[in-house]
Amino acid sequence: MREPPVLGRKLLFVTGKGGVGKTTISAGLALLAASKGKRTLVCELDAKGDLASCFETGPTRFEEREVAPGLWAMSMDSEASLRQYLSLQLRLPRAAGIGAVARMFDFVASAAPGVREIVTVGKLCWEVRERHYDMVVVDAVASGHIVGQLSAPQAINRLVQVGLVRQQTDWMLDILSDPVTTGVLVVATPEEMPVTETIELVGRLKNETTVAVAGVVVNRVLPELFVTREEQAFAALSQPSAVEALASALGGRPEPLLDAARLMVKRRRSRAAHVDRLRETLGAGGDPPVLLYVPYLFLRSYGLRSTRQVAAALAAELES
Amino acid sequence: MTGPGPGPTTIEALVAAKEIVVVCGPGGVGKTTVAASIAAMAACHLGGRVLVVTVDPARRLAQALGLPEPTRSPSSGRARSASGAQQVAAGAFARAGWAPRGELWAEMLDTKRSWDRLVSRHAPDKATARRILDNPLYQNISGRFVQSHDYMAVERLYELHAEGAYDLIVVDTPPTRNAVDFLLAPERMTDFFSSRLLRLLTVPYRSRLVDVASRPFYYVADRVLGSQFLQDIAEFFILFQTLSEGFVARAAEVQRLLADERTTFIVVSTLDMGQVREAEAFMRLLRAKRLHPGGLVLNRVLPTYLTEGGLAERSEQLSARAAELARELCSGGRAMEGFEPALVESVLSEVGTNFSNIALVAKREAAQRGELSRASDVVASIPELAEDVHDLAGVLGLGRYIWS
């Protein structure tokens with residue numbers, strides 16, 4: 001069966017190496033989904049506060065808050081999530097007490113790796129199962145940790161043979177394993193390590209988890225300044241006679257302007273090699289993921305305006 | 001008596017006075033490469049035996065340091081290496097055009113092996129050690145426990161320092177969810193072992209029923225996890241607790257070493273806004289913990305000429321007057337004679353727009369740099385380089401920007 005396009009999924013985990021712009025892409029994607037009329041939730045897993053700055057709102061909390069029309073934002077808090085889970089799913093008596101729950105969680109999370117992850121992943125799956133939102137976009141953990149997070153329900157299933165947790169992980173696995181419902185979007189920048197990690201991660205997601213890869217976003221793609229004929233003209237413009245002519249016409253030295261253009265051309269070229277490697281390596285495997293290119297944004301600051309630009313760039317990529 | 005003189009103002013002066021340099025900062029800023037550069041420069045200029053401990057180097061950087069190609073362990077996905085420290089051959093320095101005064105060694109951190117060694121050292125006897133090492137929960141903890149990378153990096157650092165085989169150790173810190181996790185790792189380890197929960201857990205199963213106070217805890221735990229799993233965990237922790245004393249004592253020593261005068265922290269960041277924010281938070285935490293943030297390395301910064309006065313106006317003119325300038329330049333006897341004016345126009349306009357774009361980012365970076373620089377006496381900047389570092393010459397070339 002053909003998998004739905006990126007926006008057709010109900011649960012999308014956005015990951016990538018640290019510093020590649022996961023949060024910006026998550027925010028842009030969520031804004032795009034909401035603008036298409038989807039009731040959308042965007043959730044930040046690492047509460048660093050970056051998501052709030054993408055929408056220029058106050059800090060996001062566990063209780064979701066509408067940050068744009070049709071778009072709600074929250075940040076994950078595994079303890080609050082556990083508390084909600086216990087009261088909703090297990091109908092635990094209040095007598096069990098919050099203190100006991102908190103202590104137990106502390107213990108469980110330290111003792112059995114995977115428990116913290118399943119509580120957070122569980123909350124997101126639950127929002128999908130209960131159809132509270134048409135789409136849930138998760139600004140997930142970095143590529144080094146995402147496989148552990150997404151395979152946690154399976155790991156717990158192996159460790160815990162009986163009990164309520166076991167029953168709970170079964171429905172979670174159903175949601176996570178369904179490629180129509182759930183996908184992972186890997187964000188990379190055109191640089192050596194982000195590309196290498198992306199290639200490895202796509203392989204590991206396929207081999208070690210049941211979650212489908214929805215696509216790869218190549219973020220911060222630099223503009224192509226010149227086509228071949230223009231390059232020749234640019235080279236001629238760098239000759240002394242042309243430089244002098246420009247200097248007198250502009251009333252000042254033009255060299256820094258030409259240097260900046262050369263800098264951009266060089267940077268673009270070295271980055272293009274990494275994009276080629278990404279495309280070729282992913283393309284060589286069966287069933288290559290869709291690649292979405294988002295341009296580098298030359299902006300004074302980042303906020304709602306840049307989030308809108310990312311949303312527009314993603315829209316253009318998804319529609320082409 | 002005179003007071004202490006002014007502190008070091010260069011990375012060289014800073015590193016010369018230290019035995020341990022911890023290179024830290026947000027993810028994706030190039031910590032590993034910077035750590036390698038500092039170590040390589042120290043080997044060249046300061047002499048002695050210098051070791052760089054890396055966590056997850058890029059393939060070409062690993063090759064540049066003479067490390068075997070990292071293979072990824074299937075359970076954790078992290079790089080693992082079968083060997084210990086490797087010396088970077090003098091020939092490699094010679095090929096890069098350098099004659100080092102000292103030796104450069106490199107080692108890749110192996111979390112799993114470090115855990116195993118730690119267990120073997122602190123276990124009361126060989127049989128207990130074996131039982132712990134074979135326990136499936138232990139496998140999970142050492143292979144997947146996210147925080148174990150953080151803890152093991154500092155633990156290995158302590159071990160290497162105690163062995164005393166190196167004059168200077170430069171450590172690249174592991175990728176963590178948050179830069180501060182790494183710093184808190186020894187404390188967390190201590191907290192874990194001294195927590196009431198661990199004691200609660202390791203109380204033999206039957207006697208729990210008598211303890212009224214902890215009954216709700218077991219009630220919840222049983223319902224959620226099932227008593228069999230709970231018993232499995234308890235068994236493991238009863239074994240694991242035999243290590244407690246050694247672990248807690250060791251974590252305290254590791255903590256002391258990090259706070260020692262001989263240790264300095266060098267924070268690496270780019271001038272990207274999110275990363276600057278994280279780096280600032282990290283510096284604050286270092287001070288709050290009474291650790292010694294010695295220097296700041298700003299990586300991949302745009303050249304400063306971009307912010308020089310008058311250039312913005314010139315670039316705007318170039319775009320606005322592109323057609324007129326192109327016609328002029330392409331006319332008979334002028335510099336661009338023979339070129340199509342429309343082609344030259346689009347090139348001029350593109351050059352102008354590009355400059356405005358880059359200058360905007362450069363100005364933002366300059367503001368961020370001003371803010372960050374106030375937090376440290378030693379600030380070094382590395383320009384954004386077109387090429388990735390792929391050999392020792394590249395590592396040393398980068399080092400030149402950092403060093404003095």
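**Figure 1. Overview of chain A in the predicted model, with 13 helices and 8 strands.** Of the 320 residues in chain A, 60% are buried. Among contacts in chain A with a separation of 6 or more, 73% involve residues 24 or more positions apart.

**Figure 2. Packing of helix 6 (residues 143-150) against helix 9 (residues 192-208) in chain A.** The axes of the two helices lie 10 Å apart and form an angle of about 5 degrees. Helix 6 of chain A is therefore roughly parallel to helix 9 of chain A, since angles under 35 degrees are classed in this way. Helix 6 contributes A:Ser143, A:Ile146, A:Val147 and A:Leu150 to the contact, and these meet A:Glu197, A:Leu201, A:Arg204, A:Leu205 and A:Glu208 of helix 9. By class, the contact between these helices comprises 5 nonpolar, 1 polar and 3 charged residues.

**Figure 3. The largest nonpolar core, with 51 residues.** The residues with the most contacts inside this core are B:Ile132, B:Tyr138, B:Tyr151, B:Leu157, B:Phe240 and B:Val267. Helix 8 (residues 146-163) of chain B provides the largest share of the core, namely 7 residues.

Technical notes. Residues numbered from 1 in each chain as written. Chains lettered and ligands numbered in written order. Predicted model: local features only at pLDDT ≥ 70, side-chain atom pairs only at ≥ 80, totals over all residues. Heavy atoms only, no water. Axes fitted to C-alpha atoms, helices over the stretch in contact; angles between N-to-C directions. Helix = DSSP H or I, 4+ residues; strand = E, 2+ residues; numbered from the N terminus. Parallel < 35°, antiparallel > 145°, perpendicular 65-115°, else oblique. Contact = heavy atoms within 4.5 Å. Nonpolar A, V, L, I, M, F, W, Y, C, P; charged D, E, K, R; others polar. Buried < 20%, exposed > 50% of the residue type's maximum accessible area, 1.4 Å probe, protein only. Core = buried A, V, L, I, M, F, W, Y, C linked by side-chain atoms within 4.5 Å.
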